Amino acid sequence: QVQLVESGGGLVQAGGSLTLSCAASGRTFSRYHMGWFRQAPGNEREFVARISWSGAVTHYADSVKGRFTISRDNAKNTVYLQMNSLKPEDTAVYYCAAQQTIGGLYEYWGQGTQVTVSS
């Protein structure tokens, strides 16, 4: 069982930066691949980024590539999403999620944190 709690969201101007954190409970955090997703009002939830259990492999949605960086610290049971050059279209609730197998279901989800980018 893994419990996930996101933090770090807020209001920022376009061009600014935010770093989201996702703290996980449980001793098995390092066994999970982690992902970030987002959902804007009226839209479906979409993939943002993911990172392998070791941190060696990352993957990004085209819309955030070059602007966002996902990382993790297994000693702290935390995954991060560094967001730079933010755009109004990045406004959404951001969720972290955990999966045991790449390509499989994300089994655990956090409650989300709101990111609002003003123009």
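Predicted model: local features only at pLDDT ≥ 70, side-chain atom pairs only at ≥ 80, totals over all residues.
**Entry 1: Tyr 94**

Setting aside neighbours within four places in sequence, I listed the contacts of Tyr 94: Glu 6, Leu 20, Trp 36, Phe 37, Arg 38, Val 48, Phe 68, Leu 81, Met 83, Gly 112, Thr 113 and Val 115. I then looked up the largest nonpolar core, which holds 31 residues. Tyr 94 is among the members that touch the most others, together with Leu 4, Met 34, Trp 36, Leu 81 and Met 83. I noted next which elements give two or more residues to this core: strands S3 (18-24), S4 (33-39), S5 (46-51), S7 (68-73), S8 (78-83), S9 (92-99) and S11 (113-118).

**Entry 2: strand S4 and its partners**

I asked how many residues of S4 are buried. The count is 6 of 7, so S4 is largely enclosed by the rest of the structure. I then looked up the strands paired with S4. S4 and S9 run antiparallel and are joined by 7 bridges.

I followed the chain through the hairpin of S4 and S5, where 6 residues lie between the strands. In this hairpin Gly 42 takes a positive phi near 80°.

**Entry 3: the disulfide**

I searched the whole structure for disulfides and found 1. The bond joins Cys 22 and Cys 96, with 1.9 Å between their sulfur atoms. Cys 22 belongs to strand S3 and Cys 96 to strand S9, so I recorded a link between distant parts of the chain, 74 residues apart. A disulfide is a covalent bond between the sulfur atoms of two cysteines. For the handedness of the link between Cys 22 and Cys 96, I read 55° about the S-S bond, which is right-handed. I also checked the accessibility of the two cysteines: Cys 22 and Cys 96 are both buried.

**Entry 4: salt bridges**

How many salt bridges does the structure hold? I counted 4. Asp 90 forms one with Arg 38, the closest N and O atoms being 2.9 Å apart. Asp 90 is in the loop between S8 and S9 and Arg 38 is in strand S4, and the pair links distant parts of the chain, 52 residues apart. Are Asp 90 and Arg 38 buried or exposed? I found that Asp 90 and Arg 38 are buried.

Asp 90 forms another salt bridge with Arg 67, where the closest N and O atoms are 2.8 Å apart. Arg 67 lies in the loop between strand S6 (58-60) and S7, so this pair ties together parts that are 23 residues apart in sequence. Asp 90 and Arg 67 are both buried.

I turned lastly to Lys 65 and Asp 62, a salt bridge with its closest N and O atoms 3.1 Å apart. Lys 65 counts as partly exposed because its relative accessibility is 49%. Asp 62, at 67% relative accessibility, counts as exposed.

Conventions:
Residues numbered from 1 in each chain as written. Heavy atoms only, no water. Core = buried A, V, L, I, M, F, W, Y, C linked by side-chain atoms within 4.5 Å. Buried < 20%, exposed > 50% of the residue type's maximum accessible area, 1.4 Å probe, protein only. Helix = DSSP H or I, 4+ residues; strand = E, 2+ residues; numbered from the N terminus. Contact = heavy atoms within 4.5 Å. Pairing = 2+ DSSP bridges. Disulfide = S-S within 2.5 Å. Salt bridge = Lys/Arg side-chain N within 4 Å of Asp/Glu carboxyl O.
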